[in-house]
Amino acid sequence: MSRLRIGVFGAGMVAQVEHVPNLVHLREKFELVAVADPSAKARDFIATRFGVATDPNLDALLARKLDAVLIAAPDFAHVSAVENALKAGLHVLAEKPLCYDPKDAERLAEIQKAAGKVVQVAYMKRFDPSYAAALGLIEGLGAKLRYISVEKSEPDAGYQMGHHFYRASDDVTQEMITQGRAETQRQVTAALGKEISGAVFRGYTGAFCSSLVHDVNLVHGFLDHMGIGRVEASAAHVFAAAEGASATMRVGGDQALWQMVHINVPHLAEYRERVALHFDDRIVELIFPAPYLNHLPTRLILQRSNGHRYETTEIRDGFTEPYIAELEGFHAAVTRGETVKTGIAHAAKDMTLIASIGKLAAA
Ligand SMILES: NC(=O)c1ccc[n+]([C@@H]2O[C@H](COP(=O)([O-])OP(=O)(O)OC[C@H]3O[C@@H](n4cnc5c(N)ncnc54)[C@H](O)[C@@H]3O)[C@@H](O)[C@H]2O)c1
């Protein structure tokens with residue numbers, strides 16, 4: 001089984017721009033059997049542009065002969081889709097966030113154990129060669145860590161991927177949209193232990209659960225690598241009518257502080273995502289490009305000194321595209337039993353921290 005028969009559920013923006021073309025590109029590793037989406041417009045786009053079969057729903061997709069499924073449906077649909085795919089005996093690559101409620105991650109872990117299948121969460125930035133190089137630069141530096149900053153500003157999606165071929169799935173029924181909102185509300189209420197609405201709800205589901213979840217996972221990866229386990233959220237804010245959101249975490253008790261901010265800049269044609277680790281004698285900084293600018297390297301910058309001699313080094317380790325590397329990683333996990341970098345347990349840790357951030361933001 002070296003060539004995986006795979007189906008995709010959800011044919012919206014990320015599937016049209018990344019997953020479907022990348023799966024077609026990796027034809028030695030994947031046979032893209034079919035793509036399912038309730039939107040007739042999305043199905044028509046997939047069929048005409050890629051010549052791939054389509055289905056109107058997940059059940060029809062799971063009825064096909066598959067080895068694996070990639071889930072790129074809206075956030076609220078991830079838990080049930082992962083559960084159904086595992087129960088159908090398939091390996092799963094699921095878009096982030098895996099869930100809102102960390103208890104759902106625990107339940108999925110049990111189902112996964114019973115199924116004996118791979119589940120990988122699609123945190124593609126963990127496959128970025130600059131992230132791997134940054135891990136190499138922080139080896140053994142845990143005791144010297146002082147501060148982590150994450151700063152993300154995002155323009156409207158059009159600025160990020162207007163140059164790609166894409167057709168919006170704007171023909172799903174009103175009933176489906178209403179059901180999706182109710183299901184999101186139900187899962188968020190379960191995660192936070194209380195109902196939230198308005199700006200806090202939008203900031204929580206958007207800035208924290210959908211966007212900063214990537215950075216939470218990146219930072220957790222750095223901290224794991226340095227053997228630092230204790231992280232507690234100490235403050236959180238949603239501001240500017242949910243156009244902005246921020247959180248502060250204590251790291252390793254009082255050893256270090258982690259601050260994180262997300263701000264929408266709808267009319268600025270520039271995406272910026274910066275993750276910087278400040279040690280007592282150096283700063284390691286990653287500056288990510290907009291995710292849909294494929295193959296554009298993430299800048300890795302190291303600042304350090306030898307006495308009064310100060311040096312800045314910029315490191316580039318090739319042009320590997322993280323969205324492609326994550327598919328290759330999933331293939332290797334399924335076919336060769338390689339370790340899953342971003343499994344259910346990692347997502348559970350991310351969503352547990354984000355739920356504690358949400359509770360502070362809603363307090
Ligand atoms: N890893 C990344 O960098 C990245 C980037 C973008 C999006 N994502 C994630 O991928 C998923 C899809 O995001 P997107 O930007 O493609 O969104 P989108 O809204 O463009 O696409 C979602 C698709 O799911 C379909 N769908 C399936 N079941 C549905 C239902 N019950 N109700 C409504 N629509 C349904 C829609 O028709 C639509 O085609 C989200 O979970 C998002 O968080 C990840």
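**View 1. Strands β8 and β9 run antiparallel, paired over 8 bridges.** Two strands count as paired if DSSP finds at least two bridges between them. Helices (H or I, at least four residues) and strands (E, at least two) are DSSP runs, numbered from the N terminus. β9 covers residues 244–251, and its Val251 sits opposite Val231. Before you go on, note that this is a predicted model: local features need pLDDT of at least 70, side-chain atom pairs count only at pLDDT 80 or more, and totals for chains, interfaces and linings use all residues. Residue numbers start from 1 along each chain as its sequence is written.

**View 2. Here is an open sheet of 8 strands with mixed pairing.** Reading across, the order is β8-β9-β10-β7-β11-β12-β13-β14. β8 (231–239) and β14 (309–315) are the edge strands, each pairing on one side only. From one strand to the next, the twist averages 10°. (Axes are lines fitted to C-alpha atoms, for helices over the stretch in contact, and angles run from 0 to 180 degrees between N-to-C directions.) Zoom in on β7 and you'll find β10 paired with it in the parallel sense over 8 bridges, with Lys152 partnered by His262 in β10. β7 and β11 are also joined by 8 bridges, but run antiparallel; Val150 has Val275 in β11 as its bridge partner.

View 3. Touching, or being in contact, means that the C-beta atoms of two residues, placed from the backbone, lie within 7 Å.

**View 4. The largest nonpolar core has 102 residues.** Such a core is a set of buried Ala, Val, Leu, Ile, Met, Phe, Trp, Tyr and Cys residues joined through C-beta atoms within 7 Å. Ile6, Phe9, Val69, Ile71, Val82 and Val92 touch the most other members. Helix α9 (residues 198–225) gives the largest share, 13 residues. Domain 1 (4–125 + 326–342) and domain 2 (126–320 + 348–362) both contribute, so the core lies between them. These domain bounds come from an automatic or database domain assignment. Leaving out residues up to four places away in sequence, Ile71 touches Phe9, Gly10, His78, Ala81, Val82, Val92, Ala94 and Glu95.

**View 5. Domain 1 meets domain 2 in a contact that takes 32 residues from domain 1 and 34 residues from domain 2.** On the domain 1 side, α1, α2 (40–50), α5 (102–115) and α10 (322–336) each supply at least two residues. The largest share of that side, 5 residues, comes from α2.

**View 6. Arg167 sits in the loop between α7 (157–161) and α8 (174–192).** Not counting residues up to four places away in sequence, Arg167 touches Gln16, Lys41, Ala42 and Phe45.

Terms used: Buried ≥ 20, exposed ≤ 12 C-beta atoms within 10 Å, placed from the backbone.
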